[in-house]
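The following exercises are to be worked through with the sequence and the model side by side. Each task is followed by a solution in steps.

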Amino acid sequence: VPNINDKEVIAASSGSGFFVTNEGHIVTNFHVIENCDIAKVHYKGKEIEAEIFAVDKTNDLAIIQTNINPLKIYSVSNKDVTELLEVIVAGFPLGKNISSAIKMHPGSITALAGYEDNYSYFQTDATINQGNSGGPIIDKYGNVVGVAVATWVEEGVQGIHFGIKSSVLRTFANAKELNFLPPNRKEISREKLGELISEATTYLECWMTGAKIKKMIAEADSKKAFFSNFKQ
């Protein structure tokens, strides 16, 4: 258990998210913002506090809102993924330990169900690491087809990663009367795709009290990407 002050509010963990409206709505995982006293969005060199707009604990989804008017936003696919569909996972794996630059990992859809035949999820071989949680999984049209959520961690196991299907995200957003852009129908260039990913994907930080950090680490079952100095 880390030696930190119980009442002090400090940056504890990181995750990823992505803009879906011009009014600053960001999609991420529920576990990324769970128990945060403050959720901060890093955007163009600034740290901006976000408010929770809606959460879906069962499917591990959350929508937060900021006062940011992003230059670009993602459209969300209205069709679920198909086997062997080529995708890109974008986000900030391992927080800023490697660099503050966004990371992109290509791959394909390898199964249409997640762990224990959960058909709200799909499986991909596109790499998802801690800190990728909540980031977009995108097709060649620039549409979000899923939300990065988890990876299988076990000795001898590689390339088993999970995303939440776009249909689940759409159902959640519709229930909260949040509308997405219509999906793109034309393939976009790699250059344009890179610009979209860089502008519309965000780095998120969860600030928590020392007491909450200690409690969650001691329980040892949190999905949060706690910073390494708390886990030594």
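**Exercise 1: the disulfide**

Determine how many disulfides the chain holds, and describe where the cysteines lie.

Solution. The torsion about the S-S bond of Cys36 and Cys206 is about -125°, so the disulfide is left-handed. Both cysteines are buried, that is, under 20% relative accessible area with a 1.4 Å probe, counting protein chains only.

The model is predicted, with local features needing pLDDT of at least 70 and side-chain atom pairs pLDDT 80 or more, while totals for chains, interfaces and linings use all residues. Residues are numbered from 1 along each chain as its sequence is written, and side-chain values use heavy atoms, leaving out hydrogens and water.

**Exercise 2: the whole chain**

Describe the secondary structure of the protein chain, then its burial and its contacts.

Solution. The secondary structure comprises 4 helices and 14 strands, taken as DSSP runs (H or I, at least four residues, for helices; E, at least two, for strands). By the burial cut-off already stated, 53% of the 232 residues count as buried. With contact meaning heavy atoms within 4.5 Å, 71% of the contacts between residues at least 6 apart in sequence join residues at least 24 apart.

Definitions and conventions: Buried means under 20% relative accessible area, exposed over 50%, partly exposed in between (1.4 Å probe, protein chains only). A disulfide is a pair of cysteine sulfur atoms within 2.5 Å.
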